[in-house]
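Subject: structure handover

Hi,

Here is the structure I promised to pass on. Have a look at it first, and then read on for what turned up in it.

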Amino acid sequence: MKAPDFDYLRPSTLSDALALLARADGDAMPLAGGQSLMPMMNFRVASPSALVDLADLAELRGIHRDGDFIRIGAMTRYAELATSAEVMSALPLFGMALPHIAHDAIRNRGTLGGTIALGDPAAEMPALALALGARIEVAGPEGTRLIAADDFYLGYYETARATDELIVAIHYPVAKGDDRFGFHELTQRHGDYALAGAVVARTAQGHRVAFFGVADRPLRLPALEQALNANTDAHAALHHLSGIAFTGDVKANAATRKRLAAVALTRALQGMTP
Ligand SMILES: Cc1cc2nc3c(=O)[nH]c(=O)nc-3n(C[C@H](O)[C@H](O)[C@H](O)COP(=O)(O)OP(=O)(O)OC[C@H]3O[C@@H](n4cnc5c(N)ncnc54)[C@H](O)[C@@H]3O)c2cc1C
């Protein structure tokens, strides 16, 4: 199928983009890499009256280290993340997760802001944002605000971003020397969305564990994190997985997903690096 008719708008500044989004009464959508939005429009799952292309917004670009944080512009593509020495050393989890996101063609176009905004429950980057305690910088008519990743994902493809707001950047805490990270996902084929995945960050503050592909949103399980902090045997800690309302679909029913989540977490914990 082809996408329904839409207006194509290409502002050159953030304030112009926000004005266009506001003017369209919530019926316009931002366009980043188009790797999810264009298929959604072709399948008529999304039918915005206008697309506001973010390609020319310098405000949404750049990777900058600022003290203990690294700020990554929303329009940074996966391929740029993977080739950034600064990102790879500050955020070891990115190096573990990026090869699992789709394929080269999609990683050459898809952006960090796009995947964070979309909130696909099976996507890797939203779960990394949760595990790392990232903050999402959002600009709108009222100004700019920072939203903790913990407060960002509200439900199935539902986020705390209003339709007239744009994600400008994502701020991640930089890894410290003793921090350890683990990542594992289970898929039918390499590059597919995960049937279940787990991300673990162990810092001086304790464990943060995020799951993806298992429920209506990426999520953490505080009881499981506390069990790991208390040095509970990882196998025993797995019973906390019953705190998740597992999704069941044609690929895996809820009971299978629970088993896959247990496998993903166990392997993520076993593979903790660096
Ligand atoms: C075959 C295939 C396989 C894939 N496999 C995976 C996978 O395994 N894992 C995975 O995570 N993803 C996968 N993807 C999706 C891919 O990662 C997308 O690139 C990503 O989800 C969206 O990024 P984008 O830049 O393309 O955003 P777009 O498609 O342009 O936009 C996605 C959504 O975010 C909104 N948006 C975009 N940028 C902003 C912004 N700055 N502020 C506010 N809203 C914004 C758009 O309006 C839209 O609603 C796959 C895609 C395809 C086609």
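Let me start with a loop. Arg-44 lies in the loop between H2 and S3; helices (H or I, at least four residues) and strands (E, at least two) are DSSP runs, numbered from the N terminus. Arg-44 has a positive phi of about 60° although it is not a glycine. For context, most residues other than glycine have a negative phi. Arg-44 counts as exposed because it has 11 C-beta neighbours inside 10 Å. The cut-offs here: a residue is buried if 20 or more other C-beta atoms lie within 10 Å of its own, exposed if 12 or fewer, and partly exposed in between, with C-beta atoms placed from the backbone.

Before going further, two notes on the model. It is a predicted one, so local features need pLDDT of at least 70 and side-chain atom pairs count only at pLDDT 80 or more, while totals for chains, interfaces and linings use all residues. Residues are numbered from 1 along each chain as its sequence is written.

Two other loop residues are worth a click. Asn-231, in the loop between helix H10 (222-229) and helix H11 (234-237), is also not a glycine and has a positive phi, near 60°. With 8 C-beta neighbours inside 10 Å, Asn-231 counts as exposed. Ser-84 sits in the loop between helix H3 (78-82) and helix H4 (85-90), and it is partly exposed because it has 17 C-beta neighbours inside 10 Å. Ser-84 is 21 residues from Ile-63 in sequence, and the two are 8.7 Å apart in space, C-alpha to C-alpha.

Now the domains. The assignment (bounds come from an automatic or database domain assignment) gives domain 1 (7-52), domain 2 (59-173) and domain 3 (180-270). The C-alpha centres of domain 2 and domain 3 are 20 Å apart. Their contact takes 22 residues from domain 2 and 21 residues from domain 3, where two residues are in contact if their C-beta atoms, placed from the backbone, lie within 7 Å. On the domain 2 side, the elements giving two or more residues are helix H5 (92-97), helix H8 (124-132) and strand S8 (153-155). H8 gives the most there, with 7 residues. By class, that side of domain 2 has 16 nonpolar, 5 polar and 1 charged residues. The classes are set this way: Ala, Val, Leu, Ile, Met, Phe, Trp, Tyr, Cys and Pro count as nonpolar, Asp, Glu, Lys and Arg as charged, and the others, Gly among them, as polar.

How much of H8 is buried? 9 of its 9 residues are, so H8 is largely enclosed by the rest of the structure. Among them are Glu-124, Pro-126 and Leu-132. Just after H8, Gly-133 takes a positive phi of about 70°.

H8 also turns up at the ligand. Elements that give two or more residues to the shell around the ligand are S2, helix H2 (37-42), helix H7 (112-118), H8 and S10. The largest share, 5 residues, comes from H7. Of the 31 residues around the ligand, Gly-33, Gln-35, Gly-110, Gly-114 and Ala-123 come nearest; a residue is near a molecule or strand if its C-beta atom, placed from the backbone, lies within 6 Å of it. The shell divides into 18 nonpolar, 10 polar and 3 charged residues.

On to the strands. An open sheet of 3 strands runs in the order S1-S3-S2, with parallel pairing; two strands pair if DSSP finds at least two bridges between them. Strand S1 (7-9) and strand S2 (28-31) stand at the edges with a single partner strand each, so one side of each is left without a neighbour in the sheet. S2 and strand S3 (residues 50-53) pair over 4 bridges, with Met-29 opposite Leu-51 and Pro-30 partnered by Val-52. Both faces of S2 are covered: Ala-28 and Pro-30 are buried on one side, Met-29 and Leu-31 on the other.

Finally, strand S6 (residues 135-140) has 5 of its 6 residues buried. S6 runs antiparallel to strand S7 (residues 143-148), joined by 6 bridges, and the two form a hairpin with 2 residues between them. S6 is also joined to strand S10 (residues 166-173) by 5 bridges, again antiparallel. Ala-139 has Thr-144 as its bridge partner in S7 and stands opposite Leu-166 in S10.

Cheers
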